[in-house]
Amino acid sequence: MRKEQENVKQENAKIDMFRMVAAFFIVAIHTAPFASVNETLDYLFTYCIGRIGVPFFLMVTGYFVLAPYYQGSAFSVEKLKKYLRKILLLYGISILLYLPVNIYAGQLPESVGELGRELIFDGTFYHLWYLPAVVTGCLFFIILMKLLRNKGAGIAAVLLYLIGMFGDSYYGAISEIPVIKGFYEGIFQISSYTRNGIFYVPVFLWMGIQFAGKEKTYAGNPAKKQERIAGIALGISAVLMLTEGWLTWHNGLQRHNSMYLFLLPVMYFLFQLLLWSNPSQQRSISQKKKSTGKQRGYRKLRDISLWIYMIHPLCIIVVRGLAKVTRIKLLAEHSLILYLLVCILAAAGAVVISWMQEKGKGMVSCIRRAEHG
């Protein structure tokens, strides 16, 4: 039964497709697509709706990687180690990839302490904070789970998120209280933001874990009713998050804009809807082959979405460089055009890299078979 549940999870097409949406939300955060159109529209889309991208990937990690570890499924420990090694390898590659940009921009750390802060919390380039945050968050959350069990770790994760929230979107509400301000200033000496592996990551990992083993197959009118209720709940949560985001922004409370209270229910109902699937039916051999082909295509989206995240800052630099060379300022100065070009370039680059990865794995497999053949 557990094995069947894991197979269901691994082949969830909706999750794989939404990876692309989440990746393009992250690109939006770094290009502000509607800034040239309307400032309020851009804020609500980019820094409110766009903020679901990173939590989604964290919940996916909790669901696919950490949940099997806690359920004690076969190879779960090795799977977790493999995942963390992969993230650390990607982080190392990314540091080297963006090092020339750091040097050119004069953004190298000036002290050992600053270097440590960048490597462990902030990332060595503005989008790379996610990679060390995932590793730190996973390791920290494993400790929480061992000490406090599931419910206790969940409560602790929510409390940590609330603490982080007052160092982020609600900082202005507490910044005039000397003792509390001193506490947060101490945190900011270690990490530039509370959006990190300690305050931000654990709650979304925990939420992802809670969905594991609870996949359901719905059929008939009751399913439509339940899905409609969840959709309405998601819509209400999204409206409340947009309102919360606008109020904290409009009233100057924000130090940063990653952590909203209503982001939590938004992610819960969104992930719930993505997990629901149609009832399985008898299929012919040709239909099964077609289904298998689709599944492989969905799996490719995992690598493509990851590479979009990895390379999109380079694509921003390329588009801006192209605008200078061609003297077509609109390419870089109109935010929506910039966003669309970066998305196209990043997606194309990600597809090529993913294809090269697949070919490389195929060659390695052939060599191994030849060695043992």
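**View 1. Packing of helix α4 against helix α12 in the predicted model.** Helix α4, which spans residues 53–71, and helix α12, which spans residues 263–275, pack at an angle of about 60°, and their axes lie 11 Å apart. Because of this angle, α4 is oblique to α12, and the crossing of the two helices is right-handed. On the α4 side the contact is formed by Pro55, Phe56, Met59, Val60 and Tyr63, while α12 contributes Leu263, Met267, Phe271, Leu274 and Leu275. The residues of this contact comprise 10 nonpolar ones, with no polar and no charged residues among them.

**View 2. Phenylalanine 204 and the largest nonpolar core.** The largest nonpolar core holds 101 residues, of which Phe56, Phe141 and Phe204 touch the most other members. Helix α7, covering residues 130–165, gives the most to this core, contributing 16 residues. When neighbours within four places in sequence are set aside, phenylalanine 204 is in contact with Pro55, Leu58, Met59, Tyr161, Leu263, Leu264 and Met267. Of these contact partners, Pro55, Met59, Leu263 and Met267 also take part in the contact between α4 and α12.

View 3. Apart from neighbours within four places in sequence, cysteine 315 is in contact with Val342, Leu345 and Ala346. Isoleucine 344 is 29 residues away from cysteine 315 in sequence, and the C-alpha atoms of these two residues are 9.3 Å apart in space.

Notes:
Residues numbered from 1 in each chain as written. Predicted model: local features only at pLDDT ≥ 70, side-chain atom pairs only at ≥ 80, totals over all residues. Heavy atoms only, no water. Contact = heavy atoms within 4.5 Å. Core = buried A, V, L, I, M, F, W, Y, C linked by side-chain atoms within 4.5 Å. Buried < 20%, exposed > 50% of the residue type's maximum accessible area, 1.4 Å probe, protein only. Helix = DSSP H or I, 4+ residues; strand = E, 2+ residues; numbered from the N terminus. Axes fitted to C-alpha atoms, helices over the stretch in contact; angles between N-to-C directions. Parallel < 35°, antiparallel > 145°, perpendicular 65-115°, else oblique. Left-handed = near helix turned anticlockwise from the far one by under 90°. Nonpolar A, V, L, I, M, F, W, Y, C, P; charged D, E, K, R; others polar.
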